[in-house]
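User: I would like to learn how to read the contact between two chains and the packing inside a model. Could you take me through it step by step?

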Protein chains: 2
Amino acid sequence: MKVAIVGASGETGQSIVNALLSSSTPKFPGRQLVSADLRGPIAPLITLLQGIDIVISAIHFDALADEIPLADAAKAAGVKRFVQSALMIIIPPRGVVDFREKVRPRKKKKGENLHYIQKLRLPYTYIDAGWWHQLSLPRLPSGRVDHLLPPAAQHDGFPLGRDGNVPTALADLRDVGRYVARIIADPRTLNRRVHVYNEVYTLNRVCEVVERVSGEKLERRYVSEVEARDAVDKARMRLAHSPGDTGALLAHVAAQLFYSWGIRGDNTPENAEYLGYLSGKDLYPDFEYVSFEEYIREVLRGEVKGVYQST
Amino acid sequence: MKVAIVGASGETGQSIVNALLSSSTPKFPGRQLVSADLRGPIAPLITLLQGIDIVISAIHFDALADEIPLADAAKAAGVKRFVQSALMIIIPPRGVVDFREKVRPRKKKKGENLHYIQKLRLPYTYIDAGWWHQLSLPRLPSGRVDHLLPPAAQHDGFPLGRDGNVPTALADLRDVGRYVARIIADPRTLNRRVHVYNEVYTLNRVCEVVERVSGEKLERRYVSEVEARDAVDKARMRLAHSPGDTGALLAHVAAQLFYSWGIRGDNTPENAEYLGYLSGKDLYPDFEYVSFEEYIREVLRGEVKGVYQST
């Protein structure tokens, strides 16, 4: 099975590459790094994808429009499965989180990339995964996990949506690639949406586990629906004023995602089932994952890396 | 089980009402006609839907925006299943046929109504059915079926896409309501898309059957991809010049639908499976339907009515 991964150097891309290279079933023979210009002519892309069975797009969300020429090339090259780069939490298909309703700049039309793929009738799998452990780590008062936190995180306490009891599906980033390796070798997931996650937690339970394991007391900040919606509105206005500003884009995405999983409670297995996803729990009941508590123990033993950190 | 049907006087609505009233399992006790203003305040709508188990929207495609307040009211009233008014052929979710990507006028946002419903987390079933026998009837040279044809049909021969060998799923309009009656009483179809159809035909086979049964020779008109696309473009321009013109809207929808099922071949069970629909053939293998050949025999015996005919 020959697999091409686009965005292999990103956080999700690395998890997938690691999983494929260490997979025992199926076997992936080795790796080769090639460069490609998704914004250039399509002919070289088609040539590059000749003989490739599976294309996995792990493109960063601010470049999702590049999936359109990638899908065109995959269709022309006869790729057997196109794994689109959702690999995110469960959100409603429209109206809550904007970035998936990406503009397709060449055709000046909006719409989810999956819908473009479906118009092509390109065989696909659409995977969403739980919210990463690596993004659920609260700041500890001692400062001993500060080096693992994304740069802008939690200056004024760990934010909990509503009363902290909103459930959300979690996954360890290292497991995401391992799920992907199972899914792409599985005929049941062809032309399907699949939801994979490790455990369902509330943020109150996140705090309880972290406090118990660390022995430290966390600073909680409860965020109401109105506050979360205000944060989305402010971020939207900031982005409207400076559309090219990556920081403004990230802030808007982060505010919308928090509103979705932290306030609305969209990121649950029940909602995934409602939206028509297959469940990784049904497909792979034997899957051994890193629990959130294990992850926190690894953090405190200094055994793990942070995410989204410049080196 | 209490069912509310919106658009009960339309072609599909009548089929559904007839099927529910003659259904043996489940039983529907009787009928009551009420009037409601979908463009007025929402409170009376909510009151009207109190105690209703299932809402079926058979709204005409030029009023799809009215499904948004209907869905809001259904959610507020605790309706257990909202059947959205697709009840049409299988089309890609975006980019081929415009009318399902309806503007939501109040919020000035575009998007399929189903996506709005999914944001509400309103329990739903989305049903698509085959292209009606009643719309697949060719004009006969003798003129003896002219009274059954829609007013504008086939002045210059029966149009066949490409070489006439594009497959398309057919259904008899009278069976559509009977499928709906089965589906809404079936827990397997909750929060799912379902595709129901009778048989898969090419238009060449349509002509062969009609010629064999009628003994008349049909006038075929083969339509190339370029011609069909030109027809869509012309209809789009006409609609752009007179956006309020119902005739222009109908012509645009008809051209886009023909391009989808007649040229692209979107309306097949294989494409429905690809897009994630459950199949009525799997769900109801015992369903007894009117075959296309039976329908043609009924037509020639003068036993059936036409559709979309002013009385």
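Analyst: Buried area is the accessible area that two parts lose on being put together, summed over both. In this predicted model, about 2300 Å² is buried between chain A and chain B, and carbon and sulfur atoms give 44% of that area.

User: How many salt bridges and polar contacts does one find between the chains?

Analyst: The rule finds four salt bridges across the interface, and 18 residue pairs are in polar contact. Arg192(B) forms a salt bridge with Glu273(A), where the closest N and O atoms are 3.4 Å apart.

User: How are the two copies related?

Analyst: Chain A can be laid on chain B by a turn of 180° and a shift of 0.0 Å along the axis, with an RMSD of 0.0 Å. The two copies are thus related as by a two-fold rotation axis.

User: Which residues have the most contacts inside the largest nonpolar core?

Analyst: In soluble globular proteins, nonpolar side chains tend to be buried together. Here the largest nonpolar core has 56 residues, and those with the most contacts inside it are Leu49 and Val55 of chain A and Leu49 and Val55 of chain B.

Notes:
Residues numbered from 1 in each chain as written. Chains lettered and ligands numbered in written order. Predicted model: local features only at pLDDT ≥ 70, side-chain atom pairs only at ≥ 80, totals over all residues. Heavy atoms only, no water. Least-squares fit on C-alpha atoms with pLDDT ≥ 70 in both. Core = buried A, V, L, I, M, F, W, Y, C linked by side-chain atoms within 4.5 Å. Buried < 20%, exposed > 50% of the residue type's maximum accessible area, 1.4 Å probe, protein only. Buried area = accessible area lost by both parts, 1.4 Å probe. Salt bridge = Lys/Arg side-chain N within 4 Å of Asp/Glu carboxyl O. Polar contact = N/O pair within 3.5 Å; in protein donor to acceptor, adjacent residues only side chain to side chain.
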